[in-house]
Amino acid sequence: MGSFSFFLSFLCVFFVTSYAQLTENFYDQTCPRLPNIVRREVKRAIETDIRAGAKLIRFHFHDCFVQGCDGSVLLEDPPGFETELNGLGNLGIQGIEIIDAIKAAVEIECPGVVSCADILAQASKDSVDVQGGPSWRVLYGRRDSRTANKTGADNLPSPFENLDPLVKKFADVGLNETDLVALSGAHTFGRSRCVFFSGRLSNFSGSGQPDPTLDPTYRQELLSACTSQDTRVNFDPTTPDKFDKNYFTNLRANKGLLQSDQVLHSTQGAKTVEIVRLMALKQETFFRQFRLSMIKMGNIKPLTGSQGEIRRNCRRVNDLGSETGHDVM
Ligand code: HEM
């Protein structure tokens, strides 16, 4: 075989093995109405809690970044392991009961068939699209882990980080700077507790001064809004619950909420500055990249085939030797 054709077959094998495990039609025979059920439940959740979508997509992100998209973040009692929910990056995370409700609805129609990891992927897409963002074709076929990794959850990207460590944490799971910028655009909706940015407001890094990359008027607004460290503030002061490109226009006006947001635009000479500019310029540029990056994130190390299991209850592994597992709450 010539070296060029060898190279081509290597490329084919590479793409087949890295992207082909998950497919659009995985549940076509076993749960054809899955997309409708999940979408209905996501809409229902958003009707009673405008933040439901934001909570769901955050869960998917935290799931995929720790040992791949395998539902590990949801486990409350992984045998012999500590839960990821107790990891630093997940403290105070909200919305697990919304996932329970979606799973319960799916189990009624398709018992024991659909993984919690796939439900998170589908629910994230619906959350974005219901709040005005882009839509995309979700790939399915992930299976649920029987283990969790608390240390991984301790090391999730942190709001207090500068650009280099953020870029490194994304690179570690196969995502590049463009993915980092696009996916951070999910901070166009949802809230953050003040504890995650209050250090920027007055004594930034021990300087006795506010973060110089924080707009002074916005800083005043945040100071008045943060009556306690647990108060939740909109990520996007302009259109708090809409999925749009305003996260990026905010960054360009020094109105990023977290340090980890603002560094994407305020790190001199960084590649990310230009990427932020392009996404702020045209919503479709952001949406197109967001779709691609979400699919890429959803492909991080899934369990497939006979690996793992299909949990009955997203919070628990199925019983050893039991056909039924736990009931969904
Ligand atoms: C780049 C690194 C990231 C860091 C450091 C980060 C950090 C945070 C923090 C500190 C909060 C507030 C949590 C709280 O108050 O309980 C938050 C919320 C949120 N994050 Fe991120 N995040 C990052 C990337 C992402 C990504 C990639 C997504 C999704 C694709 C995402 C989606 C969200 C959403 C939607 C919320 C609001 C959740 C709510 O309202 O409950 N984040 N993030």
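Which residues have the most contacts inside the largest nonpolar core? They are V38, I99, I102, I119, L120, V276 and M279. Keep in mind that this is a predicted model.

Let me stay with that core. The largest nonpolar core has 70 residues. Helix 3 gives the most to this core, with eight residues. Where does the core lie relative to the domains? Domain 1, residues 22–156, and domain 2, residues 175–295, both contribute residues, so the core lies between them. As general background, nonpolar side chains in soluble globular proteins tend to be buried together.

Leaving out residues up to four places away in sequence, L120 touches F59, H60, D63, G71 and I99. I99 is also on the list of residues with the most contacts inside the core.

Next, the domains. The assignment for the protein chain gives domain 1 (22–156) and domain 2 (175–295). Their C-alpha centres lie 24 Å apart. Across the boundary, 15 residues of domain 1 are in contact with 14 residues of domain 2. On the domain 1 side, helix 3 and helix 5 (116–130) are the elements that give two or more residues. Helix 3 gives the most there, with four residues. By class, that side of domain 1 has seven nonpolar, six polar and two charged residues.

On to the ligand. How many residues surround it? The count is 24, and the closest are P157, L183, A186, G190 and R193. The largest share, five residues, comes from helix 3. Sorted by class, the shell has 11 nonpolar, eight polar and five charged residues. Why do we place the ligand shell between the domains? Because domain 1 and domain 2 both give residues to it.

Last, P157. P157 is among the closest residues to the ligand. An unreviewed UniProt entry carries a "binding site" annotation that covers P157. P157 sits in the loop between helix 6 (150–154) and helix 7 (163–172).

To wrap up, helix 3 keeps coming back. Helix 3 gives the most to the core, the most to the side of domain 1 that touches domain 2, and the largest share of the ligand shell.

Notes. Residues numbered from 1 in each chain as written. Predicted model: local features only at pLDDT ≥ 70, side-chain atom pairs only at ≥ 80, totals over all residues. UniProt positions renumbered as here; feature names shortened; annotations may be inferred. Near = placed C-beta within 6 Å. Nonpolar A, V, L, I, M, F, W, Y, C, P; charged D, E, K, R; others polar. Domains from an automatic or database assignment. Contact = placed C-beta atoms within 7 Å. Core = buried A, V, L, I, M, F, W, Y, C linked by C-beta atoms within 7 Å. Buried ≥ 20, exposed ≤ 12 C-beta atoms within 10 Å, placed from the backbone.
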